[in-house]
Amino acid sequence: MKFIKELQESIKSHSTNNSLCINNVFYTYQDLSIEIDKVRAVIVNKVHDSDKLVGLVAHDDLQTYASILALWFEGKAFVPINPSTPEERNLQVLELTQTKYIIDSKQSFVFDNYEIITPVTSTEININPNLGLREVLGDELAYILFTSGTTGTPKGVPITFNNVYALV
C-alpha cells in the first residue's frame with residue numbers, strides 16, 4: 001500500500017526532526033527509525049510469515065511505537081494488550097485472535113504458550129537498514145481493537161490500513 005511506503009519515506013526524510021515526546025524526552029525520527037529496524041530484525045527472525053497477528057503490550061515508550069510501525073512494515077497487524085487490564089481478559093483477547101507472539105518492551109508478561117519478543121539493543125542483533133517493504137493491501141488488517149461489549153466479553157473491531165490511512 002502506498003501509505004506504508006510514504007510513511008517510511010517520511011521517517012527517513014525528516015530524520016533530524018522530533019517525532020515523539022515521551023515523559024518529557026524528545027526522540028527524533030532517526031531514533032524512531034533505529035528502533036523500528038531493531039524490531040523488524042527480530043520479527044523477520046522469529047515470527048512466521050503465516051502469522052499475521054502479533055500481540056503488542058501497549059507501554060508509553062519508544063519501543064512500543066516503533067513496534068507498531070515495524071509490524072506494519074513487515075505486513076503484520078497488532079493486537080493491543082493493555083498492561084493494566086486483568087490477565088484473564090488479555091488471555092481472552094489473545095485466544096480470540098489466535099496470537100502466538102507478544103512484543104513487550106518491559107517484559108511485564110509471562111504467559112505460557114506465547115513467545116514473548118522484547119526489543120533488543122543494537123549489539124544483540126544484526127540490523128539491516130535496507131529492509132524492503134512487504135506488500136500490504138488497503139483492506140488488510142493494521143490492528144484489532146478490542147472492546148468489552150455489552151456482555152463483558154472482549155469483541156474485536158478490525159481496523160484496516162485503509163482505515164488508518166483515512167485517519168492520517
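## Basis of the model

This is a predicted model, in which local features need pLDDT of at least 70 and side-chain atom pairs count only at pLDDT 80 or more, while totals for chains, interfaces and linings use all residues. Residues are numbered from 1 along each chain as its sequence is written, and side-chain values use heavy atoms, with hydrogens and water left out.

## Helix H1

Helix H1 covers residues 2-13, which is 12 residues. From first C-alpha to last it reaches 16 Å, close to the 16 Å expected at 1.5 Å a residue; the expected span is 1.5 Å times one less than the number of residues.

Phe 3, Ile 4, Gln 8 and Ile 11 are the buried residues of H1 (buried means under 20% relative accessible area, exposed over 50%, partly exposed in between, with a 1.4 Å probe and protein chains only). They cover an arc of only 135° around the axis, which puts them on the same side of H1; the arc is that of the directions from the helix axis to the C-beta atoms. An α-helix has 3.6 residues a turn, so residues three or four places apart point the same way. The face turned away from the buried side of H1 carries the exposed residues Lys 2, Lys 12 and Ser 13.

## Helix H3

The end C-alpha atoms of H3 are 16 Å apart, in agreement with the span that its 12 residues should have at 1.5 Å a residue. H3 is mostly covered, with 10 of its 12 residues buried. Among them are Leu 62, Ile 68, Leu 69, Trp 72 and Phe 73. Just after H3, Gly 75 takes a positive phi of about 75°.

## How H1 packs

The buried residues of H1 pack against helix H2 (29-46), helix H3 (62-73) and helix H5 (161-167). The axes of H1 and H3 come within 10 Å and cross at roughly 130° (axes are lines fitted to C-alpha atoms, for helices over the stretch in contact, and angles run from 0 to 180 degrees between N-to-C directions). H1 and H3 are therefore oblique to each other; angles under 35 degrees count as roughly parallel, over 145 as roughly antiparallel, 65 to 115 as roughly perpendicular and the rest as oblique.

On the H1 side, the contact is made by Phe 3, Ile 4, Leu 7, Gln 8 and Ile 11, and on the H3 side by Leu 69, Trp 72 and Phe 73 (contact means heavy atoms within 4.5 Å).

Note on methods:
Helices (H or I, at least four residues) and strands (E, at least two) are DSSP runs, numbered from the N terminus.
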